[in-house]
Amino acid sequence: MNDSFQDVYAKHLQCADYGYPLRMPEPMTTLPQNYQDSGLQIGDVGIVDSRGQFDVLFNICKRSDNPLHDPLGVPENFQPVQRGDVKFSDNAISAGPIHSHGIEQILQHNRPRPAYYEFDSSTPAGAILILPHGAMSVELSFPEQFREVATKSALQWYEFAKKRYGVQHLDRSLYLITGFYKARSWSLGSFNKPTNAPGKILARRDDINPNIYLLEFTFPADRRHSRGGEDSGGINQTVFITGFKITVRSWLPDPIILRVTESETTWSILVRLFKACIYRLRSLPGGHKQHPAISKLRM
C-alpha cells in the first residue's frame, strides 16, 4: 500500500522537531466561521486525513452547546475541561526554509540567482516547507493534564468518531491538540521517487503574490502553496500541531496515547502484543473478561 501525500510529507518533515506537520495547513471550510478565521485551537480532537488536513470532531475545552458541536454533538459523558495557561511566541520559527535530511540548500554568492532558494536533493524521498514570514506558536503550559483527560475518555472518543467515519474508514489515529505553529503564508512539497538519483529544487517568488514562493522540482513531486500573504488578515494556517496521538485497535487490550513526537519502542510493542493475547484468552467463553484500560506511556 503506497503512502499518502500526507504520510510522505509528515514522515520526512518531522525531523524539524516542531511537532506533526500538516500538508494542508488551511482550516476546513465546513467549520464555523470563527474557526476558519483563527484556525485550529487548543483542545481540538480529530483526525488528520490522507490529504493532510485536520478534521475537527469536537473541542474538549468548549461546552457541548458550542456551535462547533452542532452537526454531531459530543461524545458520551462529555464534560468540558479548563484549558489552563498557555505559552505564546510571536516568532517561534524564523522566516525561511525547513527541509528533511538529504536536501541541502545551495548558496550562490556574488552572482545572479535564477531562484530565491536553490536546493540539491540526494535522497529518494523528502519534504520541504518555506515560511516567508516565519510562524508563531501557542502551547499549553501543562499539557500532561490533557493526557489524563485522553486516558479516561479515549474509548468514548473513538466510538464517537465511528459515527462520522465508520469503522472501515477510521484507519487513522485521533489527535488531541495541545499546541500549534501558525503562519500567514507557506509553500511546501514532498516526494517519494523510486530511485535516489540526485535532483534540484528551486523556489521562485511569485510575480503576482511576492509573499509566496513557487516550488519547482527536477523530478516528480507533490507541491502546494498558500493563497494568502502579509496582508491576508489573521494567522490561521497551521503548519505544525503538538499534542497527543490516540491509537485504538481491536487487537489491543488498551489504547495507545503518545505525544505526537514520541514513538513506541520494539519492546513496548512486544509487551502490547503479549497483553493482547492474554486479553483474547480471557475474553473466551468461560474466561475472565478484562475491562479495557489505557496505559500511560513515557519515552
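These legends go with a few close-up views of a predicted model.

**View 1. A four-stranded open sheet.** Here you're looking at an open sheet built from 4 strands, in the order β5-β8-β11-β14, with antiparallel pairing. At the edges sit β5 (96-99) and β14 (222-225), each pairing on one side only. From one strand to the next, the twist averages 10°. As a bit of background, strands of a sheet pair through backbone hydrogen bonds, and they can do so in a parallel or antiparallel way.

**View 2. Where β5 meets β8.** This one zooms in on an edge strand, β5, and its partner β8, which covers residues 125-131. The two pair in the antiparallel sense, over 4 bridges. Look for Pro-97, which stands opposite Ile-130 in β8.

**View 3. A helix lying across the strands.** Now bring in helix α1, made of residues 5-13. The helix lies across β5, β8, β11 (187-192) and β14. Compare its direction with that of β8: α1 runs at about 80° to that strand.

View 4. Searching the whole structure turns up 1 cavity of 30 Å³ or more. The largest cavity holds about 40 Å³ of space. Rolling a probe the size of a water molecule over the atoms is what shows where empty space is left. Which residues line the largest cavity? They are Leu-22, Met-24, Pro-25, Glu-26, Pro-27, Met-28, Leu-40, Gln-53, Phe-54 and Thr-238. Sort the lining by type and you get 7 nonpolar residues, 2 polar and 1 charged.

Conventions: Residues numbered from 1 in each chain as written. Predicted model: local features only at pLDDT ≥ 70, side-chain atom pairs only at ≥ 80, totals over all residues. Heavy atoms only, no water. 1 Å grid on protein atoms, 1.4 Å probe; cavity = no way out; pocket = protein on both sides within 12 Å on 5 of 7 lines; lining within 4 Å. Points joined across faces, edges and corners; volume = space filled by probe spheres on them. Nonpolar A, V, L, I, M, F, W, Y, C, P; charged D, E, K, R; others polar. Pairing = 2+ DSSP bridges. Axes fitted to C-alpha atoms, helices over the stretch in contact; angles between N-to-C directions. Contact = heavy atoms within 4.5 Å.
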